[in-house]
Amino acid sequence: MVKSRRQMAVGSRQKTAGALWPALRCALFIRYYLSTAYRLLPFAFRQPFTVYCLLPTAYCLLFFPHSIYASTPPLTCRIAEIAPHSRSLSVMCTLVDVPLGKLQLRFADQFAGVKGLSERIFALKVKEAGGAAWPLEIRGDGWYSLSVKAPVPRLNISYDLHLARALDPSQYALVSSLGSEAGFLMLSDLLPQVCAEAESGCSAQANPLRLQIIAPDGWQIATTEQSHENFFEIADPQRAVFFLGRLREQELPVNGMKLRVAMAGDSSVASDRVARLVEAIAREQAAMIGGKEQGDFLVTLAPFPLPMTGLRSSALTRGHTVVLMFNPGDDPARAFAHYQRHLAHEMFHFYLPNAFRIRENFDWFWEGFTRYTAFTTLLRLRLITLRDYLDALGEEYEAYSFNPLRARLSLIAASPDKFANPASYELVYRKGMLIAALYDLELRWQSGGRQSLMDVMRALYQTYALSGREVGNREVLAELAKSGDFARFIRDDIEGTREIDLAAAIKHYGLVVDRDLNNRSRPRISVTPKPSAKQRELISHLEK
Ligand SMILES: [Zn+2]
């Protein structure tokens with residue numbers, strides 16, 4: 001119940017803030033008329049008068065309870081006419097308790113580097129039931145506004161969504177998609193946020209939402225959202241994901257997690273093999289981090305919405321859902337090795353960062369260290385060998401050593417703008433993983449094998465995720481620094497831009513870098529021919 005209590009706490013804080021703001025505005029309005037009287041009062045009477053001025057807030061809350069949702073009115077939406085072949089669908093939302101004045105309608109326009117999302121919306125209309133369409137002011141980038149001059153009991157918002165635009169293959173899992181065999185509906189880019197014009201942070205508070213989805217004939221819906229009488233009651237539309245298709249599903253209870261695997265299409269990977277892998281990774285990662293997560297979790301596997309060539313995957317973990325699209329190419333063994341790495345990466349996001357309350361972007365840690373943890377998970381499960389692990393480090397180092405920003409941009413500086421250019425993005429992932437590996441090896445070395453990176457991850461999870469305390473760069477760096485002598489490492493390699501010399505960095509641990517400089521082949525990391533007893537112990541412990 002740890003996670004649901006945390007979410008409830010956040011939800012109730014948001015709701016309280018949402019309830020207070022309209023009432024406070026109402027109170028300020030009344031107080032405006034009282035302010036002249038205030039200025040006329042002798043000084044000694046002003047303090048008690050200030051207290052009386054708080055009373056209008058209570059008055060407004062008591063006598064205008066509907067104002068609770070005045071800034072973000074509740075929405076009831078229906079997604080229907082889902083057409084897999086034309087890759088389109090229709091949305092109809094009904095808005096009740098419509099606040100008077102200017103109303104904003106905001107559709108997401110970009111997410112994780114995918115731009116122009118609002119261009120997928122067609123035939124947008126706002127109407128009173130049975131009435132004519134209201135004029136909409138187009139503000140650009142998915143932002144519309146309209147004036148509500150007289151009370152209306154309800155307004156209907158309708159539009160079509162065309163999801164046929166081609167994207168870079170790595171981007172398909174990041175946003176809503178629809179293909180002939182499956183679809184992913186992500187409410188964050190499908191439904192608008194509706195709020196009063198005066199609310200500058202329309203995105204800060206979600207509209208309470210009930211949702212009905214009419215799936216195509218023969219298709220099922222998999223989601224972690226709760227449903228009641230054909231409607232999903234959505235607590236957080238920004239995190240809600242629905243997976244649609246002719247699904248093969250299995251339930252896998254893992255400790256407190258109610259984990260479900262749902263697959264669509266012919267992925268060439270047997271369903272049982274996928275389910276066994278998901279269960280093994282979930283158990284191992286829960287043991288590694290001391291996981292206490294509870295509730296519904298969903299791991300999906302689907303083909304891309306368009307035919308692809310070669311081995312490809314695209315994935316995103318949102319809340320408790322892993323969205324994973326996969327095209328196996330023509331080498332089944334290579335395909336499964338690739339799939340298990342991507343899956344282990346995404347499933348660790350259930351913890352990092354999704355179980356945490358994040359203050360700022362520190363992708364260098366949650367992407368780089370998650371990428372590394374995927375390899376250590378598979379190594380402990382004996383699904384990859386020490387050779388695969390060392391090859392993966394060599395591959396990351398090669399990508400890092402060709403990155404033009406490696407000596408100009410620190411990991412911390414690259415994280416907030418990782419989508420600004422491919423080099424920043426690569427640096428966050430590749431150098432991030434390399435740093436995780438070097439930290440892990442050094443901590444094992446300094447502690448004589450008693451501690452590893454996973455002990456630091458477990459401490460972070462217990463201190464911040466389980467307690468709901470906010471976390472950012474400062475807390476993560478402090479935790480990394482606590483376990484040993486890491487001041488220089490953090491200053492130079494995480495906060496700074498010192499170039500990493502891999503051969504020098506891993507020499508102590510009994511590892512060497514072989515590279516044929518003449519043909520610029522990939523650096524190959526190997527165990528030194530005669531490792532010391534301490535080096536041998538460190539290397540053998542990597543697999544435990
Ligand atoms: Zn990731």
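Helix α10 (residues 422–446) has 25 residues and spans 35 Å from first to last C-alpha, close to the 36 Å expected at 1.5 Å a residue. The model is a predicted one. Of the 25 residues of α10, 19 are buried, so the helix is mostly covered.

Two packed helices are described by the angle between their axes and the distance between the axes. The table gives these values for two pairs.

| Helix pair | Angle | Axes | Crossing |
|---|---|---|---|
| α5 (residues 332–348) and α7 (residues 368–380) | roughly 120° | within 8 Å | right-handed |
| α11 (residues 453–465) and α12 (residues 473–482) | about 135° | 10 Å apart | right-handed |

The axes of α5 and α7 cross at roughly 120°, and the two helices are therefore oblique to each other. On the α5 side the contact is formed by Q340, R341, A344, H345 and F348, which meet T370, R371, T373, A374, T377 and L378 of α7. By class, this contact of α5 with α7 holds four nonpolar, five polar and two charged residues.

Helices α11 and α12 pack at an angle of about 135°, which makes α11 oblique to α12. Here V456, A459, L460 and Y464 of α11 meet E475, V476, E479 and L480 of α12. The residues of this contact of α11 with α12 comprise six nonpolar and two charged, with no polar ones.

Methods: Residues numbered from 1 in each chain as written. Predicted model: local features only at pLDDT ≥ 70, side-chain atom pairs only at ≥ 80, totals over all residues. Axes fitted to C-alpha atoms, helices over the stretch in contact; angles between N-to-C directions. Helix = DSSP H or I, 4+ residues; strand = E, 2+ residues; numbered from the N terminus. Parallel < 35°, antiparallel > 145°, perpendicular 65-115°, else oblique. Left-handed = near helix turned anticlockwise from the far one by under 90°. Contact = placed C-beta atoms within 7 Å. Nonpolar A, V, L, I, M, F, W, Y, C, P; charged D, E, K, R; others polar. Expected span 1.5 Å × (residues − 1). Buried ≥ 20, exposed ≤ 12 C-beta atoms within 10 Å, placed from the backbone.
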